[in-house]
Amino acid sequence: MKRIIVLTMMMVATTTFAQEFTEQDTLRGSITPEREWWDLNYYHLDVAVDPDKKFISGSNTIRYKVLKKNQVMQVDLQPPLTIEKVTQDGKKLEVVNNGNAHFVQLKKKQKEGDFNEIKVYYSGPPKEAVRAPWDGGFSWKKDPNGNDFVATSNQGLGASVWWPNKDHMYDEVDSMLISVKSPKGLMDVSNGRLRKVDEDTNTYHWFVSNPINNYGVNINIGDYVHFGEKYEGEKGTLDMDYYVLRDNLEKAKEHFKDAPKMMEAFEHWFGPYPFYEDSFKLVEVPYLGMEHQSSVTYGNQYMKGYLGRDLSGTGLGLKFDFIIIHESGHEWFANNITYKDIADMWIHESFTAYSENIFLDYHLGKEASADYVIGTRTNIQNDKPIIGPYNVNTEGSKDMYYKGANMLHTIRQLVNDDEKWRQVLRGLNSEFYHQTVTTKQIEDYISKKSEIDLSKVFDQYLRTTMIPLFEFKIDGNKVKYRYSNIVEGFHMPLKILIDGKSQTLSPTADWKTQELNGDLSTLKVDRNYYVDHKQVK
């Protein structure tokens, strides 16, 4: 019998939004007692991929540290895949299954501080992606020459859609070996660095030496050719490697010139690339793309923009390849700094949508950057809050992309010091290096380092669908003004332009009156602030 959980989320001041969740949502989305007692240390994922049968089989060795005594461990794997057996020290263990969650009954006494291992054997036909990467799983495709072209993508849906693991974002494995047996004549490209290839079985062994989130782990199989370059970055020489379909090699050599330009801009604004030890890769796949750590997947068909479209409507979106820039931005915000709960997915997507205009800022200047991010406001729906419900594996509104980016652009105006703002962004990646975080940690850090209490700004833009409305009345050389459509206690300085000259007001929910110089009929709100405005009588 399924347990139904009803959560209420604030939509606007006077309406509510209800959503039902099941026991499976809770088992997937919360830190259960069967998860919290052990800490991930190492995975060895060893899997054989059979595209003809759309079938996989293999094992995952899970090494962990015992934090406190317990004899039941939750391992996640989604049907139709099945766990064949689980062993510890060579002994077969009983497994109690509950949907996607599998409770391993351990025989060996789990002593605090010990490092132990289990090995999970599994097989089956994994879920096939319908519309990757949004509806994830395995993509079983063919390239133009009829070769198998296979890839995985699984954010939100969960890595347990194709391999057994501790499928919650709060605990990242410290390091990982990925061994993939591929069809003869084809190559697997996964995360980290290639350690060796077993020629007899065509098994590729990739090692990740940094912590990695589960959804960032991937398999990509194709008729790949490789080229690369050395990038002299903030932490030394970075290997940048590119794996593309054989027929696309020359096209990719020209098109991927956006990659070092990306690295230069993002190291300036966000700090050093977080995974020098594991290299940086772009890997061509049969879907649009995804931010898999050190193995960023690419399927934008060698076009500028988003499949040839400019999401900002300004023309600036066609100055770069959207997938190279956006998905690589996630190496800082998603892979370096990772949310603990998908309800806080804005930490990934708001900053990475913002990285698009930061890229433009570095290469084309501040005005171009502003034009772009302001242009993306047309994509904002204000359908529900950006932050979703916690502990049930559910994200908030897709507005986390461009509403979130415009919130950050607005905060940049409040900081009013671009070097200080840059140090805030770089500081985030330093302070939370290779960590999983909560919204509160990110909000508190930005407020502290900017020396501005931004708590109500975050409440306004992340937790409601309300956009602040700046209302004003003009009476001779005086202006009367206030904010409406705001959360209680909201206050945010606002720049206005009179005769084209900038002045700063401090609106709150209460009407204020201020005498101003110039022709007040020319009053405009600075476009860099994400607020609505209306002149009232």
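# Reading cavities, pockets, salt bridges and a helix

Guide: The largest cavity has a volume of about 120 Å³. The model is a predicted one, and that applies to each value that follows.

Visitor: How many residues line this largest cavity, and which lie closest to its centre?

Guide: The lining of the largest cavity has 15 residues, with R28, M169, Y339, I342 and N393 closest to the centre. By class, 4 of the lining residues are nonpolar, 7 polar and 4 charged.

Visitor: How many cavities of 30 Å³ or more does a search of the whole structure find?

Guide: The search finds 2. The second largest cavity holds about 40 Å³ of space. Its lining is made of Q24, L27, R28, D76, N100, A101 and S160.

Visitor: Which element gives the largest share of that lining?

Guide: Helix 1 (residues 23-29) does, with 3 residues. The lining of the second largest cavity divides into 2 nonpolar, 3 polar and 2 charged residues.

Visitor: Turning to pockets, how should I tell one from a cavity?

Guide: A probe placed in a cavity cannot get out, whereas a pocket is an open set of points. In this model the largest pocket contains about 680 Å³ of space. Its lining counts 27 residues, and W134, Y306, E349, K398 and Y401 are those nearest the centre.

Visitor: Which elements give two or more residues to the lining of the largest pocket?

Guide: They are strand 21 (289-290), helix 5 (322-329) and helix 8 (402-415). Helix 5 contributes the most, with 4 residues. Sorted by class, the lining of the largest pocket has 12 nonpolar, 7 polar and 8 charged residues.

Visitor: What is the volume of the second largest pocket?

Guide: The volume is about 190 Å³. This second largest pocket is lined by 13 residues, of which K366, E367, Q413, D526 and N528 are closest to its centre. Helix 7 (366-375) and helix 8 are the elements that give two or more residues to this lining. Helix 7 gives the most, 4 residues.

Visitor: How does the lining of the second largest pocket divide by class?

Guide: There is 1 nonpolar residue, with 5 polar and 7 charged.

Visitor: How do I read a salt bridge, and how many does a search of the whole structure find?

Guide: Look for a side-chain nitrogen of Lys or Arg within 4 Å of a carboxyl oxygen of Asp or Glu. The search finds 28 salt bridges. One of them joins K108 and D89, with the closest N and O atoms 3.5 Å apart. K108 is in the loop between strand 9 (101-105) and strand 10 (115-124), and D89 is in the loop between strand 6 (82-88) and strand 7 (91-92), so the bridge ties together parts 19 residues apart in sequence.

Visitor: K366 lines the second largest pocket. Which residue does K366 form a salt bridge with, at 2.7 Å between the closest N and O atoms?

Guide: The partner is D418. K366 belongs to helix 7 and D418 to helix 9 (residues 418-431), and the two are 52 residues apart, so the pair links distant parts of the chain. 

Visitor: How accessible are K366 and D418, and which residues make up the network of salt bridges that links them?

Guide: K366 counts as partly exposed at 44% relative accessibility, and D418 is partly exposed at 26%. The network is formed by D361, K366, R412 and D418.

Visitor: Last, how do I check the length of a helix?

Guide: Compare the expected span with the distance between the end C-alpha atoms. Helix 6 (residues 346-364) has 19 residues and should span 27 Å at 1.5 Å a residue; its end C-alpha atoms are 26 Å apart, which agrees. Helix 6 also bends by about 30° at E356.

Visitor: Why is helix 6 described as largely enclosed by the rest of the structure?

Guide: The description holds because 16 of its 19 residues are buried. Just after helix 6, G365 has a positive phi of about 105°.

Notes: Residues are numbered from 1 along each chain as its sequence is written. This is a predicted model: local features need pLDDT of at least 70, side-chain atom pairs count only at pLDDT 80 or more; totals for chains, interfaces and linings use all residues. Side-chain values use heavy atoms; hydrogens and water are left out. On a 1 Å grid over the protein atoms alone, a cavity is a set of points where a 1.4 Å probe fits but cannot get out, and a pocket is an open set with protein on both sides within 12 Å along at least five of seven lines; lining residues have an atom within 4 Å of a point. Grid points are joined across faces, edges and corners, and a volume is the space filled by probe spheres set on the points. Ala, Val, Leu, Ile, Met, Phe, Trp, Tyr, Cys and Pro count as nonpolar, Asp, Glu, Lys and Arg as charged, and the others, Gly among them, as polar. Buried means under 20% relative accessible area, exposed over 50%, partly exposed in between (1.4 Å probe, protein chains only). The expected span of a helix is 1.5 Å times one less than its number of residues. The bend at a residue is the angle between axes fitted to the seven residues ending there and the seven starting there.
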